[in-house]
Amino acid sequence: MSFGDLGFAIQIAFTYYTVIYLTGLGGLFSERSGIVNIGLEGMMIIGTVTGSFGAYYFGAKLGWGVPMGPIMGLLLGMACGALFASIHALATVTFRIDHIVSGVVINLVAVGLARFLSTVFFEGQSTQSNPGQPHMHTIDIPLLHSIPGIGRAFEGLSPFVIVAFLVVIPVWFALNRTRWGLRLRSAGENPEATRSLGVRVAPLRWEGVLLSGAFAGVAGAFLSVEIVNNWREGQTLGLGFIALAALILSNWNPVRLMGAAFLFGFAQAIPLALRDWPIIRSIPEQFVNMAPYVITIVVLAGFVGKVRPPAAAGKAYEGSSGL
Amino acid sequence: MATAPASPPKIALPKSRPEWLENFLGQLGALVLSMLIAIGLGAIIIILYGENPLDVYGAILSFSITANDGPAYVLSIATPLIFSALAISICFKAGLFNIGVEGQFLVGMVTASWAALRLDFLPGPLLMWVVLLFGALGGMAYAAVPAILKVKTGAHEVVTTIMMNGIAISIVAWALNGPLKFTNAPPGQNVDLRTDPFAKNALVPDLGHVFGWGPAPHLSWLLPLALVATAIVWFIVKRMRLGYEARAVGASSGSARAGGISIGAVQIKLFLISGALAGLVGMQQLLGDRGYLPKNYEATLGFTGIAVAFLGQNNPIGIVFAAILWAILARGESGLQIETDMPREFVIILQGILIMSVVITYQLAKRRLARRQVRRAAAEEELVTAAEEAA
């Protein structure tokens, strides 16, 4: 056992934290506005393929290079995630389809759409793009990266990881200190009361769902552009669902979500970085690979009864013409 | 002085048709409309891509229907999808989402393979039935975990079953590396690629030759078995107490509880039946196509089953037709590639559009039907009140 492994594990955990936290924030905006979003995974998938295309197109084809290519990739993934989420908004807010049915369909459609887009984007390759696309220059965190033993955790991070740690400030402020945030939350708690105050519920819920697509999309784009450096089918690995579990564990709170996302991010790192640790070494490889999933199930089962989801989440608001 | 005769009230009743007919016409109308929408949107994509919609749709249909072995391929593709969609639909009756059919069918393939390899002393067709039973039991046991977690802790089955799917992939990998390891690998070949071949009497016999179709599509007796499963699910849902309770729970868990139904027990029973059906999803590739468990097994059948279940509106008979429609499109993929310049992935897009439009159209049709019923009830009430006032 060495601390070097632990540093490496934490570094990987930061990466997965970024994906899980941003996607979880997406779920948070949607669910606090009253729309359950099982389709986060699908929105991430769209983010991975369009983000990768953005980085490739703007970076290599148009010659915008680093870091503008990757940044454009992230922005494109974000925009396309939101665009794709509009299907969920249309189905759940406007047509009042069951939220879970729509989310499941979103996930199914995303897999096929990603393949189709991939053949259009990447010269007929349907399941991956060319590897080794440019990414932003990685950074070391001053001071922290020289901590003996676990300093490696703070080396070679994508700048976007820092963004994922700082984004909590504007998100918390928007939710808790602005009129819009108050209205968004009230749409998820008590839409009838919201409506009775003359505030329209449907636009708020549309905004919540579009934001969830934007966050999930940029998280997916981060995965393909910054971490893997190309698009591959199935690279989201169910992280959209793990983000949902993290959201539940956080009790729909953006600050606590950071801790939950890091916990599940660390679980992802176990099979990747801690394989040589004493006890883990003696377990067959395939069982170590199960760790992230098992930990998610155990944590979810242990906590789900102790948290309270937004009261009106999952319920269609049938007010006058659904407004 | 004689009272004036009550003049007949002037209220036009909505056209009155028997309720089952109205239901049926509504569903049929929604299905036809959503298929037209999907074909139309698909045509727009094809035109944007610079191809001719008639050529593209023609290629799909010619390859899957008029080609020689086409129908046999379509039916063999549809076979596992029927099991998978039935598994989804029986849970959905109670508002449960068994997204874990994917993992349950993988585990079912492992337990069935174990039975095929280790119980090969069983005589004749008995071995095949035991292997099928083990497949169903494997899926059932694996479905029990999220079911119990749901009932005991409230952990949402969508998240737990998705995680269980991830675990199942590792279980297959472990089985191919350990307990079911290939023993007779030729030198130089990777040993974790597949299991040993199964005994002949573990396999499901071919059905295609009965209709004069070649052996290549591997149409097997699993198709009739899938139809039997369809009938059983129909019977459970429509004629048994469990089906009634499931629908009550799905409609409103509060009133179901007030009506004395033990919701947890219903949910666990449905999940177990669903898991058993899911355990049979992999049998077509295991016992019909291959005769061994390979590392590169055909995955995602569990997810496709969700789409087929929605397409069939969770109705057992609808599911059979939906599975065939899905298989026609899936088989048509190859036709696209051979006969047109459209990427074969277009079919997946078309399938996605189809599902989305079916779900939305059907929901709108159901709401329209409900509104009509409310209107008619109100009109009838008005009639009665008017008649009472007149009397």
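Some housekeeping comes first: residues are numbered from 1 along each chain as its sequence is written, while chains are lettered from A and ligands numbered from 1 in the order in which they are written. Since the model is predicted, local features need pLDDT of at least 70 and side-chain atom pairs count only at pLDDT 80 or more, but totals for chains, interfaces and linings use all residues.

**View 1. The fold of chain A is built from helices, with zero strands.** Chain A has 14 helices; here helices (H or I, at least four residues) and strands (E, at least two) are DSSP runs, numbered from the N terminus. The pattern along the sequence is α-α-α-α-α-α-α-α-α-α-α-α-α-α. The radius of gyration is 20 Å, in agreement with the value near 20 Å for a compact globule of 323 residues (taken over C-alpha atoms; the rule is 2.2 Å times the number of residues to the power 0.38). Along the principal axes, the C-alpha atoms fill a box of roughly 60 × 45 × 40 Å. Of the 323 residues, 53% are buried, a label that takes 20 or more other C-beta atoms within 10 Å of the residue's own, with C-beta atoms placed from the backbone (12 or fewer is exposed, in between is partly exposed). As for contacts with a separation of 6 or more, 77% of them in chain A link residues 24 or more positions apart; a contact means C-beta atoms, placed from the backbone, within 7 Å.

**View 2. Chain A meets chain B.** The contact draws on 35 residues from chain A and 33 residues from chain B. On the chain A side, H3 (65-94), H4 (99-121), H10 (239-249), H13 (285-289) and H14 (291-303) each put in at least two residues. H4(A) gives the most, with 11 residues. By class, that side of chain A has 25 nonpolar, nine polar and one charged. Nonpolar covers Ala, Val, Leu, Ile, Met, Phe, Trp, Tyr, Cys and Pro, charged covers Asp, Glu, Lys and Arg, and the others, Gly among them, are polar.

**View 3. H4 and H6 pack together in chain B.** H4 (residues 101-118) and H6 (residues 157-177) of chain B sit with their axes 7 Å apart, at an angle of about 25°. Axes are lines fitted to C-alpha atoms, for helices over the stretch in contact, with angles running from 0 to 180 degrees between N-to-C directions. That makes H4(B) roughly parallel to H6(B) (under 35 degrees; over 145 is roughly antiparallel, 65 to 115 roughly perpendicular, the rest oblique). The crossing is left-handed, meaning the near helix is turned anticlockwise from the far one by less than a right angle; clockwise would be right-handed. Residues making the contact include Leu106(B) and Val110(B) of H4(B), plus Met164(B) and Ile171(B) of H6(B).

**View 4. H10 and H11 pack together in chain A.** The axes of H10(A) and H11(A) (residues 254-273) are 8 Å apart, at about 135°, so H10(A) is oblique to H11(A). The crossing is right-handed. Ile242(A), Ala245(A), Ala246(A), Leu247(A) and Leu249(A) of H10(A) meet Leu257(A), Ala260(A), Ala261(A) and Phe264(A) of H11(A). The contact is made up of nine nonpolar residues, no polar and no charged.

**View 5. Gly77(A) is buried in helix H3 of chain A.** Gly77(A) has 33 other C-beta atoms within 10 Å. Not counting residues up to four places away in sequence, Gly77(A) touches Gly47(A), Thr50(A), Gly51(A), Gly54(A), Gly217(A), Val218(A), Gly220(A) and Ala221(A). Gly220(A) is 143 residues away in sequence, yet 7.2 Å from Gly77(A), C-alpha to C-alpha.

Terms used. Two residues are in contact if their C-beta atoms, placed from the backbone, lie within 7 Å.
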